[in-house]
Amino acid sequence: IDHQARLAHASVLYGARTSSAKTMYYRWKGLGRPPNFIDVILKAEGEESDIFRYRLAPQARVSAGDLRPQNQSGDTEPGWVSLRAGADGRAYFHDFELMVAPELRWDEGEAGEAYAALPLGWVGFHTRRWRVGFGLEDRWFGPGRFGGLMLTNNASPAPLASAATEHAVGQGRFRLEAGAGWLNQPRSDVENPGWLVFDFRFSPFPALEIGATRMALFGGKGRPSPEFGQLLLPTRPHVANDPNQRLPDQDEIAALDARLSFPLDTWVPNLGVAYLDLWTQYGGEDVIARQIGPVKVPALAGIANLWGAELGGGAWAVCVEWARLLDDQFRWYSGHRVYHDGFSQSGMSMGHPSGGDSRTWSASVRWMPDDIGAEIFASDRRRVGVVAPADGQIFTLMRDERAQSAGLRGWFSHLDQQWNAGVSVSKVRDVQFKPDVDALHWRFFIGI
């Protein structure tokens, strides 16, 4: 749907993505494209709202290998062989929306016992302009294709209650979302910390989209909570003279992003290339770093950057992306004095899959003629082993860990189901920053 929107040079606010099929339906119908297999898949979302309608689709996946997947809702498939079986259920009545996707999992070598998981569970109210609800669902804020600095589907989703509104403004659109919840997976610092999410998107015209995202951690088991005003605007972000960590504290990160799209086929007909997308995201710790007269001005510290470009036309698209998350002495991605696990679930980054202290190149070539498709992808990631920050400097290990990966995946639709399969390999040098310790990992999967 996003690719078709780019071909049509339409505003669909790419930087705010959720698991909602109703959101997909509204975006798809707004493009005015001829009916195709997408209308069949989203039939339940497009029927009259005064009747009860539902869609229940089986899900299953078999994977083998020791390469741990990323951007898979926290499911790392820890066994040499992993089996997944479940169902994706969607139900609607008037403007109420229910999503649930229970799953049974089994991993070879993990005690040999099957266990249940719920990567998707959401109930709420959803119209073209408003979406209010509570539950677990994947979210992705920012224009990145392979990762984002703030929130992606890399870690398991955390419970969140949120309200979002989206409206057309002239030729463009704007969207605002605010949510509150908690991080429910095991942590080594503070259990069940509170979690705040704010995101704003504005597209004044189809070629431009700008966004701003902010997240915060606070409170948690055995921890006092800051004042409500400090949660909304932290003017006292760094607590000093508190060696026993008894004073209220919070961890905030924020990012600004922008996407610019050039309609090449409008400027140069018969070129064979429809669009060129350029995007960037700029993030860091959300602190009050300076003051202009009596006014305290928010600023970002511990900066991270993400840049990307995509060239596409017809059924194909070529994409490349670079992310730099080299934390400085602020240790904004992880290492907060209280919430040192940062924004993570079960040790997995909720933002960029490479985590902090890393630099990553990613690229892909996609071919999507209709209800089938294929993608070749590759990445090159360097991780820095940080020992400790001291006196405004960062002390690191002598060797960086470098992982170079490549793979192929494909998919097709049959009987209203999408089948997919893929294979990937990864060569890792200086594993865990140990000189001359290398490893080769691989993974194969097939599923619906």
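The legends below go with a set of close-up views of one predicted chain.

**A few notes before the views.** This is a predicted model, so local features need pLDDT of at least 70 and side-chain atom pairs count only at pLDDT 80 or more, while totals for chains, interfaces and linings use all residues. Residues are numbered from 1 along each chain as its sequence is written, and side-chain values use heavy atoms, with hydrogens and water left out.

View 1. Helices (H or I, at least four residues) and strands (E, at least two) are DSSP runs, numbered from the N terminus. The C-alpha trace spans about 65 × 55 × 50 Å along its principal axes. Buried residues are 48% of the 448; buried means under 20% relative accessible area, exposed over 50%, and partly exposed in between (1.4 Å probe, protein chains only). Of the contacts (heavy atoms within 4.5 Å) with a separation of 6 or more, 59% join residues 24 or more positions apart.

**View 2. The largest nonpolar core, with 30 residues.** A nonpolar core here is a set of buried Ala, Val, Leu, Ile, Met, Phe, Trp, Tyr and Cys residues joined through side-chain atoms within 4.5 Å. Trp195, Met215, Phe343 and Met350 touch the most other members. At least two residues each come from strands S12 (194-205), S13 (208-218), S14 (250-262), S16 (295-313) and S17 (316-325), and S17 gives the most, with three.

**View 3. Zooming in on Phe343 and its neighbours.** Leaving aside residues up to four places away in sequence, Phe343 touches Trp195, Met215, Ala216, Leu217, Asp251, Ile253, Tyr333, Met348, Ser349 and Met350. Elsewhere sits a second, separate core of 13 residues, which includes Ala5, Ala10, Tyr14 and Tyr92.

**View 4. Arg324, a residue of strand S17.** Arg324 counts as partly exposed, at 28% relative accessibility. Its contacts, not counting residues up to four places away in sequence, are Ile303, Ala304, Asn305, Ser358 and Arg359. Take Ala304: it is 20 residues from Arg324 along the chain, and their C-alpha atoms are separated by 5.6 Å.

View 5. Most residues other than glycine have a negative phi. Ser73 is buried, with a relative accessible area of 15%, whereas Asn192 is partly exposed at 38%.

**View 6. Pro58 in strand S2.** Here's a proline within a strand, partly exposed with a relative accessible area of 44%. Pro58 touches Gly86, Ala87, Gln417 and Ile448, again not counting residues up to four places away in sequence. For scale, the C-alpha atoms of Pro58 and Ala317 are separated by 30 Å, with the two residues 259 apart along the chain.
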